[in-house]
Amino acid sequence: MLIRYLILSIFLIQIIQCGLTHQDSDELDSLDNDFAEFEDFDVEDEQNVPEENLNTAPKSSEKILIEDEIDIIVNDEDDDSEFEHFQDVEEFEGFEIKEEQVESEPKITIAKVPVNFRQNWDSYYLEILMLSGLVVYFINFVTGKSKNGKIANTWFNTHRQLLEDNFSLVGDDGSLDRNENVNLIKESENVFTLWCSGRTCCEGMLVELKLIKRQDLLAILSGMMRPTMDQIHITVRMNKEDMDTFIFCLAAKKTAQQLVKDMADLSVYCPERKPGDKFNVSSSFNVMSEIGEATSAILDSKVSTVINKYPEYIDFIHFSDQYSGVKQTEDSGALKLPETEKVLMFNFNIPVKGMSLEEACSKLTPLMNMVFYCIDKVKRIRLTKEAKTKADKNRQKVEEAFLKSTHQARAEAAAARKEEKRRLEKEKIMAEDDPERQRRWEIKEEKRQAKKRGPKMKQLKVKAL
């Protein structure tokens with residue numbers, strides 16, 4: 001009985017499974033009929049797919065996605081076709097068709113540059129000119145330096161014996177040992193100096209040879225327009241007790257004008273330029289003198305003879321007890337008179353052109369003898385009482401005028417020094433840890449300020465009847 005019921009239940013289950021299978025097949029058939037219109041597209045896609053990709057064909061769901069993408073692309077093409085009439089020439093009247101510029105890659109063309117190298121030297125004229133200028137400058141430097149050295153050595157060798165006869169030390173180089181091989185000190189390529197000392201009535205004598213800048217080509221070119229000469233400048237520093245108070249100057253006319261303009265002592269004490277005829281010297285000179293009797297004593301017969309014999313070699317002769325150098329400008333702000341010294345200065349021209357160096361230097365020997373004669377002459381000159389009083393009054397007037405012109409500046413400087421002193425005192429007191437002392441200083445300072453601001457009262461003394 002049990003077996004009969006088991007067989008019957010199995011049979012019913014098989015009948016139910018067969019019914020479900022039939023229903024699923026009907027649904028699949030209906031789906032196939034719905035997508036039958038896309039079978040043509042599937043066939044074309046399968047034909048375009050390579051054989052190697054057949055095994056990876058998309059499933060039914062993937063096929064639906066691909067078909068949707070195709071619909072979208074087709075729709076885009078339909079939208080583009082809507083604007084095709086704008087490209088139709090017949091749709092517009094009077095419209096000229098322009099040739100479309102086809103974009104293409106830019107072509108690089110390399111210009112054919114000719115070779116700049118030539119067989120001639122025309123292309124290098126600037127470089128050749130510069131090198132030639134450098135060569136000429138170097139040659140001029142060597143030759144000019146050599147010639148200036150020869151002039152200086154020739155002058156020293158010519159007058160060395162004369163210098164040694166008048167000074168115990170010639171060519172002092174600052175060393176304690178006496179050097180027999182003395183020579184000029186070379187300051188530059190055109191300036192040579194020599195210091196001599198050890199003579200009565202003077203501290204020493206400085207000889208400066210200021211030659212033309214022959215080593216400088218530009219200086220030579222400028223000298224063609226404004227000629228200059230080789231010069232020897234001699235400065236003798238006299239002892240204070242061996243020179244009286246007077247100022248004297250004899251100079252060529254052009255040089256005299258410049259000296260009066262630049263030198264402080266000449267511009268103040270004797271600015272008047274007098275012709276040389278009045279003093280028995282050549283008319284090519286001007287004489288500036290403070291004391292007449294001192295000028296007459298200096299320009300005696302011996303000195304006048306040398307000056308008149310060699311006028312072209314003398315530039316100026318300047319004696320002064322108030323020599324302070326070049327005149328100070330008003331903007332210098334000096335509050336005291338410059339220091340002065342008693343000097344004798346001689347400036348001679350060296351005649352190099354037209355003669356040998358030995359002959360040119362020997363022409364200066366009489367002038368060097370005149371220098372030593374003037375040193376002894378100035379020592380012997382003593383002014384009379386009237387001349388001495390006049391010279392002293394002149395110096396007193398100059399000092400008073402200077403003090404008057406600088407009174408305000410000196411007062412301001414004194415006030416500034418006083419204020420600086422007070423400021424330092426305040427800083428010193430404030431730095432201390434003493435409040436009582438600081439308080440006393442502040443009270444003192446307030447009283448001083450109040451007194452300074454108050455009216456100035458003048459005390460009058462009345463005699464009792």
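Start your tour by selecting Leu-206, which sits in strand E4; strands (E, at least two residues) and helices (H or I, at least four) are DSSP runs, numbered from the N terminus. What you have open is a predicted model, in which local features need pLDDT of at least 70 and side-chain atom pairs count only at pLDDT 80 or more, while totals for chains, interfaces and linings use all residues. Residues are numbered from 1 along each chain as its sequence is written, and side-chain values use heavy atoms, with hydrogens and water left out.

**Stop 1: Leu-206**

Now show what surrounds Leu-206. Residues up to four places away in sequence aside, Leu-206 touches Thr-193, Leu-194, Trp-195, His-233, Ile-234, Thr-235 and Arg-237, where contact means heavy atoms within 4.5 Å.

**Stop 2: Ile-234 and the cores**

Move on to Ile-234. Not counting residues up to four places away in sequence, Ile-234 touches Met-205, Leu-206, Val-207, Leu-344, Met-345, Phe-346, Phe-348, Met-368 and Val-371. Ile-234 is also one of the residues that touch the most other members in the largest nonpolar core, which has 62 residues; the others are Trp-155, Met-205, Phe-246, Ile-307, Phe-319 and Phe-348. Such a core is a set of buried Ala, Val, Leu, Ile, Met, Phe, Trp, Tyr and Cys residues joined through side-chain atoms within 4.5 Å. Which helix gives the largest share of this core? That is H11, with eight residues. Apart from this core lies another, of 15 residues, including Ile-247, Phe-316, Tyr-323 and Val-343. In soluble globular proteins, nonpolar side chains tend to be buried together.

**Stop 3: H11 against H9**

Next, select helix H9 (residues 301-309) and helix H11 (residues 365-380). Their axes come within 11 Å and cross at roughly 155°; axes are lines fitted to C-alpha atoms, for helices over the stretch in contact, and angles run from 0 to 180 degrees between N-to-C directions. H9 and H11 are therefore roughly antiparallel, the word for angles over 145 degrees, with under 35 called roughly parallel, 65 to 115 roughly perpendicular and the rest oblique. To see the contact, show Lys-302, Val-303, Val-306 and Ile-307 of H9 with Pro-366, Leu-367, Met-370, Tyr-373 and Cys-374 of H11. Eight of these residues are nonpolar, one is charged and none is polar. For these classes, Ala, Val, Leu, Ile, Met, Phe, Trp, Tyr, Cys and Pro count as nonpolar, Asp, Glu, Lys and Arg as charged, and the others, Gly among them, as polar.

**Stop 4: H11 against H4**

On the H4 side, the contact is made by Trp-155, Thr-158, His-159, Leu-162, Leu-163 and Asn-166; on the H11 side, by Thr-365, Met-368, Asn-369 and Phe-372. The contact of H4 with H11 has five nonpolar, five polar and no charged residues.

While H4 is selected, look at Tyr-137, which also lies in this helix. Tyr-137 is partly exposed, at 36% relative accessible area. Leaving aside neighbours within four places in sequence, Tyr-137 is in contact with Asp-216 and Leu-217.

**Stop 5: Leu-266**

Go to helix H7 (residues 264-269) and pick Leu-266. Leu-266 is buried, with a relative accessible area of 0%. Beyond its neighbours within four places in sequence, Leu-266 is in contact with Ile-247, Cys-249, Leu-259, Val-260, Pro-271, Met-288 and His-318.

**Stop 6: two loop residues**

Finish with two positive phi values. Cys-201, in the loop between strands E3 (191-197) and E4 (202-210), has phi near 65° and counts as buried at 4% relative accessibility. Asn-280, in the loop between strands E7 (274-275) and E8 (285-289), has phi near 60° and is exposed, with a relative accessible area of 60%.

Note on methods:
Buried means under 20% relative accessible area, exposed over 50%, partly exposed in between (1.4 Å probe, protein chains only).
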